[in-house]
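Subject: Structure for you, plus some notes on helix packing

Hi,

Here is the structure I promised to pass on. Have a look at it first, then read my notes below.

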Amino acid sequence: MRSIFNLFMVYLRSKIYFFQEEKRVLQLFYSCDLFQKCDLALKKMYRFRNPFTISKNFFKQKKQKEVDVYGEIPLTSLLLIAKECQIAPHDHVFELGCGRGRAAFFLRSVLLCSVTAVDFIPFFVSNAQKIVEALNIERLTFMCEDIQHVALTQATCIYLYGTCLSDSVIKQLCISLTKKVKIITLSYPLRDYHQGFKIIKQFAVPVPWGKIEVFLNQK
């Protein structure tokens with residue numbers, strides 16, 4: 001009974017967190033007309049489609065061992081990350097593992113940087129690209145691609161939420177990255193996978209289950 005009660009309390013806390021987070025998003029970011037349009041279009045697309053379920057079913061079909069790998073950073077936490085890492089309008093941010101694209105729309109419309117958002121799941125990419133085309137958004141591109149095969153030469157900043165990526169994928173990314181790029185990772189620093197990286201900054205931001213460590217890495 002205690003375990004059931006604990007699970008219920010976790011569920012309840014996450015529900016309260018998401019409600020409060022959405023309230024803050026409305027207050028802080030909906031004054032940006034482009035973001036409001038993007039976000040409302042995104043919510044309409046996924047009103048009866050759960051992105052967690054879509055991702056899980058996709059990886060089940062691919063017969064992957066890990067299928068519960070989807071996650072989205074709260075936008076208020078992403079704003080904190082952007083400020084700490086000094087993401088600016090002149091940056092070209094590559095988001096590797098963008099999911100349905102909410103963070104990418106935020107980065108482009110609110111923070112005004114150029115964004116290339118990459119994900120492996122065609123459903124997410126095609127829906128996000130429909131919004132880009134409907135609203136005629138410049139300097140925002142969605143790509144359906146394995147992140148290991150993406151050319152990163154245009155990136156000035158890479159945002160990698162991939163907390164569930166395999167060690168081999170992270171190591172391959174480390175090899176392909178150049179010295180000039182700042183790389184933001186969550187939960188782990190890149191120096192754990194490649195000795196050529198250093199931590200420029202480390203801090204924590206809120207997530208539904210507590211806090212997560214953020215690392216600003218550079219080669």
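A quick definition to start: helices (H or I, at least four residues) and strands (E, at least two) are DSSP runs, numbered from the N terminus. Axes are lines fitted to C-alpha atoms, for helices over the stretch in contact, and angles run from 0 to 180 degrees between N-to-C directions.

This is a predicted model, where local features need pLDDT of at least 70, side-chain atom pairs count only at pLDDT 80 or more, and totals for chains, interfaces and linings use all residues. Residues are numbered from 1 along each chain as its sequence is written, and side-chain values use heavy atoms, with hydrogens and water left out.

Now the first pair. Helix H4 (residues 75-84) and helix H5 (residues 102-109) have axes that come within 11 Å and cross at roughly 50°. H4 and H5 are therefore oblique to each other (under 35 degrees is roughly parallel, over 145 roughly antiparallel, 65 to 115 roughly perpendicular, the rest oblique). In contact (heavy atoms within 4.5 Å) are Leu-75, Leu-78 and Leu-79 of H4 with Arg-102, Ala-103, Phe-106 and Leu-107 of H5.

On to the other pair. The axes of helix H2 (residues 33-45) and helix H6 (residues 122-135) cross at roughly 140° and come within 10 Å, so H2 and H6 are oblique to each other. H2 brings Leu-34, Lys-37, Cys-38, Ala-41, Leu-42 and Met-45 to the contact, and H6 brings Asn-127, Lys-130, Ile-131 and Leu-135.

Cheers
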